[in-house]
Amino acid sequence: MDQGTTPAAPPATDHAGAAVDQDRFSAVVGSIVESVERVIDGKRAAIDAALVCLFAEGHLLIEDVPGVGKTMLARALAASVDAEVRRIQFTPDLLPGDVTGVSVFNPVTREFEFKPGAIFANVVIADEINRASPKTQSALLEAMEERQVTVDGLSRPLPAPFIVVATQNPLEMDGTYALPEAQRDRFLVRLSMGYPDAQAEQAMIRQRDTGNPLGELRPVTDAAEITAMIRFVRGIHVSPLIEEYVVRLAQATRVHPDLRLGASPRATLQLVRAAKVWAALDGRDFVLPDDVTDLLSPVFAHRLLPTRTALGRASNDEIIDEVLSGLTRRVAVPIASRR
């Protein structure tokens, strides 16, 4: 497969008309990473995953134990972009209307007026999403997929760009509800922060002793430029062989004997979009097979469900890792070359 002869992705422009090409894309990404790393040290993989979601028009689910920086990562990303940011603290008594908004009767005009909920923002931080009831969690479904909210029969569009960065505690912890499959499938990437290493934890002690670095962050770009960068990423070339490779991987999960739920067509589409961003982050205007395999687990793992038989011999995560590792070995990889 010849990737070198494909045309470069055309420059995109923001609302002010400034061109966004590969150099500008890389420069802005570098500034965002530098900004976030002032708050989150030693977690470059997590930051890259967040950027993939931002530029692929996906949503990010961060799952880990309390206190490892899940919310801090979401807030640092939001603070680095000059856009409207809302945070929703999910609790058992949170109602769907608190998220989407409600119609309130105005006694002066004698008409109902719509009061937008917290979902009407560019970056929505859904903190501890699995502490709310499934009914409230479902209020995000339409917004995450269609980028609109329907209340009282009227659909209202959400601002662009739009991304939900949700955090959740492990299901083994008290007071949590499992996210339904339909909602997990709407998250492009699920990641785990993990504990910091000793050096990063010691640096955190010194940083937080004198103040909160999050309060010192300033935006390095704005919503208009992010929108232009999203359009730039859409122009990254994906060859038919790469598309075929992604489809074969997805279809293999649907017939695997250890899985009772495989990857959805939405997962296939999102893997391609994520691979485009991964290529752009590497300074390329075309997707390689390695981009797909690098992102296979972050994009697919949280969507797959093992059979009860498979769970009898290993844990859920171990089964999924085993399945995906096996697929990358068995599914033929298209050969790419550069000229």
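**Pockets, cores and backbone features of the predicted model**

The residues that line the largest pocket comprise ten nonpolar, six polar and seven charged. At least two lining residues are supplied by each of β12 (189-191), α12 (289-300) and α14 (316-330). Of the elements that line the largest pocket, α14 gives the most, with four residues.

The second largest pocket holds about 420 Å³ of space. A total of 24 residues line this pocket, with Ile40, Gly67, Val68, Gly69 and Met204 lying nearest its centre. Helices α3 (70-79) and α8 (198-210) each provide at least two residues of the lining, and the largest share, six residues, comes from α8. By residue class, this lining divides into eleven nonpolar, six polar and seven charged.

Rolling a probe the size of a water molecule over the atoms shows where empty space is left. One cavity of 30 Å³ or more was counted, and the volume of the largest cavity is about 30 Å³. Leu54, Val81, Ala83, Asn122, Val123, Pro161 and Ile226 form the lining of the largest cavity; six of these residues are nonpolar, one is polar and none is charged. Pro161, one of the lining residues, is joined to Ala160 by a cis peptide bond with an omega of about -5°. Pro161 is placed in the loop between β10 (154-157) and β11 (163-168).

In soluble globular proteins, nonpolar side chains tend to be buried together. The largest nonpolar core contains 78 residues, and Phe55, Val292 and Phe300 have the most contacts inside it. Helix α2 (residues 44-55) makes the greatest contribution to this core, with nine residues. When residues up to four places away in sequence are not counted, Phe300 touches Leu249, Ala250, Thr253, Ala263, Ala267, Thr268, Leu271 and Leu324. A second, separate core has 26 residues, including Ile88, Val99, Phe114 and Phe187.

Positive phi values occur at two loop residues other than glycine, Arg110 and Glu128. Phi of Arg110 is near 55°, and Arg110 lies in the loop between β6 (101-106) and β7 (111-116). Arg110 counts as exposed because its relative accessibility is 66%, and the exposed class begins over 50%. For Glu128, phi is likewise near 55°; Glu128 is found in the loop between β8 (123-127) and α5 (134-137).

Terms used: Residues numbered from 1 in each chain as written. Predicted model: local features only at pLDDT ≥ 70, side-chain atom pairs only at ≥ 80, totals over all residues. Heavy atoms only, no water. Buried < 20%, exposed > 50% of the residue type's maximum accessible area, 1.4 Å probe, protein only. 1 Å grid on protein atoms, 1.4 Å probe; cavity = no way out; pocket = protein on both sides within 12 Å on 5 of 7 lines; lining within 4 Å. Points joined across faces, edges and corners; volume = space filled by probe spheres on them. Nonpolar A, V, L, I, M, F, W, Y, C, P; charged D, E, K, R; others polar. Core = buried A, V, L, I, M, F, W, Y, C linked by side-chain atoms within 4.5 Å. Contact = heavy atoms within 4.5 Å.
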